[in-house]
Amino acid sequence: MTKLIVALDFDTLDEVDNLLDQLSDTVQWYKLGKQLFTAHGPKLIDHIKGKGKSLFLDLKFHDIPNTVAQAVRVSVASGVDMINVHASGGSEMIAAAAQAAQAENPDALMIAVTVLTSMDEQALEEIGLNVSPAEQVIRLAKLAQAAGASGIVASAKESALITENCGADFIQVLPGIRPSGADQQDQKRVVTPAEAAALGAHYIVVGRPISKAENPAQAAQEILKDIAPA
Ligand code: C5P
């Protein structure tokens, strides 16, 4: 079953509270990223967890294994339910992160990021990788799985390939979701909530189609209806 995560991409606590209030009966999972976390820090984790919600801390850690493991440990200790690291940090770093998360809370999900969707073949070549983005995604997804990650952030484009290579139980978190007819904004390749669910996404991440909607609760309800099993 596919779950909905709403991205809290804001500057201010008022905007966060406004959306949380409107979605309180509808949405369980929220994503806290670099913008909001850098502005307001860990008190926001307490604030959102205090409302009984589940939280994905999207800080994409990438450092030496010990540093990443310690950052993961304190994140999970603070109540975060899902965290992520860059798979390109290597298997030792991914394993250290997975073990740190597991030791703190066996239910916490430790997700790896493979290739940023902003990077194309030329951008990979610039950093010395002479492979297609799809090849690199699969390589890193397999590495992350072998190192103990719970799953990966995937693009809809590579989702089926990841399922083929890593199995249907390896968690896929899919951003780039747009209900049919919605504004694509800066997302280059989008899928509808129903298409993401059909691809086997375990979680979809949706930001502006909900946060900028005239009626966010209604927008969220429509998405939930789309991803509900038939
Ligand atoms: O507003 P929108 O639905 O485009 O927001 C998508 C969220 O998912 C944003 O927080 C964005 O940073 C995140 N994301 C993404 N594409 C990725 C990874 C993360 O859009 N490849």
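Buried means under 20% relative accessible area, exposed means over 50%, and partly exposed lies in between (1.4 Å probe, protein chains only). This is a predicted model, in which local features need pLDDT of at least 70 and side-chain atom pairs count only at pLDDT 80 or more, while totals for chains, interfaces and linings use all residues. Residues are numbered from 1 along each chain as its sequence is written, and side-chain values use heavy atoms, with hydrogens and water left out.

**Exercise 1.** Find what share of the residues in the protein is buried.

*Solution.* Start from the 230 residues of the protein. Buried residues make up 47% of them.

**Exercise 2.** Explain why the radius of gyration agrees with that of a compact globule.

*Solution.* First take the rule: 2.2 Å times the number of residues to the power 0.38, with the radius taken over C-alpha atoms. For 230 residues a compact globule would have a value near 17 Å, and the protein has 17 Å, so the two agree. Next, look at the extent: the C-alpha trace spans about 45 × 35 × 35 Å along its principal axes.

**Exercise 3.** Count the helices and strands.

*Solution.* The protein has 11 helices and 8 strands.

Note on methods:
Helices (H or I, at least four residues) and strands (E, at least two) are DSSP runs, numbered from the N terminus.
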